[in-house]
Amino acid sequence: MRQLSLTLLLCLVGCADEASEVASGNDASGSADATADTSAPDSSADATDGSGATDASGSGSGEPAQGIISTESFPLPESLPGGIFIQPRLLCSPPVAGDAPAAGDSVCTYSAISACTEPGRDFADYGRCDIVRTQRPYSAQTPVIQADPSDPRLSDPAFMSELDWVTSQVKSCACVCCHSSALAPNGPSDWHLEASAIWTDSVSDNGVALLAGLVDSSAFGAYPPEQNFGFERVRTALPSTEPDRMKTFFLEEYLRRGHVESEAAAIAPFGGPLVTQATYEPRACAGSIGVKADGTIRFTGSARYLYILENGSKNPGVPPNLDTPAGTIWRVDVAEASPAMRGALTYGRVPAGAAQRVPANGPPRALTAGEQVYLYTLADVGLPLTRCIATVAP
Ligand code: HEC
């Protein structure tokens with residue numbers, strides 16, 4: 001049976017309307033099941049008859065390497081469905097009035113919490129904060145601001161200019177979506193750029209340690225700098241084009257507040273459930289949950305994401321760099337505007353409204369009776385449901 005997977009090629013400005021949806025041949029190997037053909041999630045896709053099994057490689061589309069940045073499997077919903085994690089998309093638009101001309105025709109960024117646009121430009125002008133705010137809980141929270149009107153740093157030009165540099169780096173990145181009162185719709189989440197003349201006074205001591213990179217925040221995900229306009233988010237929590245300079249700024253702030261670097265070792269990694277999910281140790285699947293050699297996969301509840309991984313693989317985390325662990329054999333995502341998958345599906349067969357993310361092309365490798373695989377489903381990103389080791393049943 002022919003499977004279709006829809007691939008929206010990464011698209012630069014202006015091409016959203018002519019987005020190519022490409023059918024790729026994907027024979028579901030070894031499946032005797034005769035459920036209905038996969039159909040496209042919306043009627044505008046004309047590739048559903050399976051006749052146009054063209055090469056979906058989309059070379060030249062700039063589609064990045066698998067596992068690093070989300071494949072554009074689905075068009076962005078015009079209005080965002082509430083309460084659903086919207087996968088990052090590459091967004092590009094002409095420079096806004098007053099901004100420097102663009103090197104290419106347009107300025108780009110990913111709509112992701114860990115993303116930035118070009119240094120010196122504002123994320124708010126090119127990104128989509130409404131998308132970013134679907135990617136972790138957002139709420140207005142009032143910070144404790146430890147500002148002092150006689151703070152000697154206020155009359156220290158070297159300090160103030162370094163603060164300006166830090167501020168401009170923050171403005172280039174998606175953190176502003178919740179950490180700027182100008183952008184956060186119900187008010188900023190704790191620290192914010194407008195808090196006081198030295199806005200870092202609104203960051204708690206533990207927050208400063210985090211921003212200084214003394215506390216691990218890797219569970220929130222990060223782009224490699226070459227895909228994030230030079231911004232790295234490994235050495236510091238705030239992405240920076242000069243991570244050592246950023247680190248020095250916040251380390252000095254941590255010390256200025258009377259702390260020593262070694263204290264930060266006692267602060268737990270940042271990320272709450274994302275951190276505990278990363279270290280989850282799966283047990284054997286129980287009852288009817290699991291995988292059969294005929295391809296039947298059974299899971300609990302409603303899943304927007306389903307993975308079959310090699311036994312021993314890491315747990316899937318957030319995009320762009322943690323959501324496709326090495327050892328992912330098969331991964332299916334449901335389009336954000338489509339209803340979740342329920343109960344069961346057939347290995348290698350992509351249900352309507354969903355798309356195969358791994359492998360990028362073609363069917364997943366065959367499973368053999370008796371082998372063990374890791375079955376992982378999520379109600380949504382960060383919300384795991386079924387997580388167990390399945391012994392493929394004959
Ligand atoms: C979708 C909203 C949102 C985005 C985007 C966001 N944050 Fe936050 N952040 C919060 C909320 C809400 C809190 C309050 C504590 C909590 O809920 O975790 C917070 C708290 C923090 C704290 C702790 C502050 C303290 O004083 O203890 C730091 C540090 C932080 N965020 C850094 C970042 C960085 C760096 C980025 C960008 C890479 C970022 N945040 C992006 C919502 C967001």
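Tutor: Asp190 is partly exposed, because 17 other C-beta atoms lie within 10 Å. On this scale 20 or more is buried, 12 or fewer is exposed, and partly exposed is in between, with C-beta atoms placed from the backbone. This is a predicted model: local features need pLDDT of at least 70, side-chain atom pairs count only at pLDDT 80 or more, and totals for chains, interfaces and linings use all residues. Residues are numbered from 1 along each chain as its sequence is written.

Asp190 sits in the loop between α4 and α5. Helices are DSSP runs of H or I with at least four residues, strands are E runs of at least two, and both are numbered from the N terminus. Asp190 is not a glycine, yet its phi is positive, about 65°. Most residues other than glycine have a negative phi. Phe229 also has a positive phi, about 55°, and is not a glycine either. Its place is the loop between α5 and α6 (243-256). Phe229 counts as buried because it has 22 C-beta neighbours inside 10 Å.

Next, the core. The largest nonpolar core holds 81 residues, and Cys173, Ala174, Val176 and Leu375 have the most contacts inside it. It lies between domain 1 (135-271) and domain 2 (281-391), because both give residues to it. Those bounds come from an automatic or database assignment. A nonpolar core joins buried Ala, Val, Leu, Ile, Met, Phe, Trp, Tyr and Cys residues through C-beta atoms within 7 Å. Ala174 touches residues including Ala112, Ile113, Phe123 and Val132, leaving out those up to four places away in sequence. Contact means C-beta atoms within 7 Å.

Last, confidence. The chain averages a pLDDT of 84, and 81% of the residues score at least 70. The score is the predictor's confidence in each residue, from 0 to 100. Over residues 1-69 it stays under 50.

Definitions and conventions: Two residues are in contact if their C-beta atoms, placed from the backbone, lie within 7 Å.
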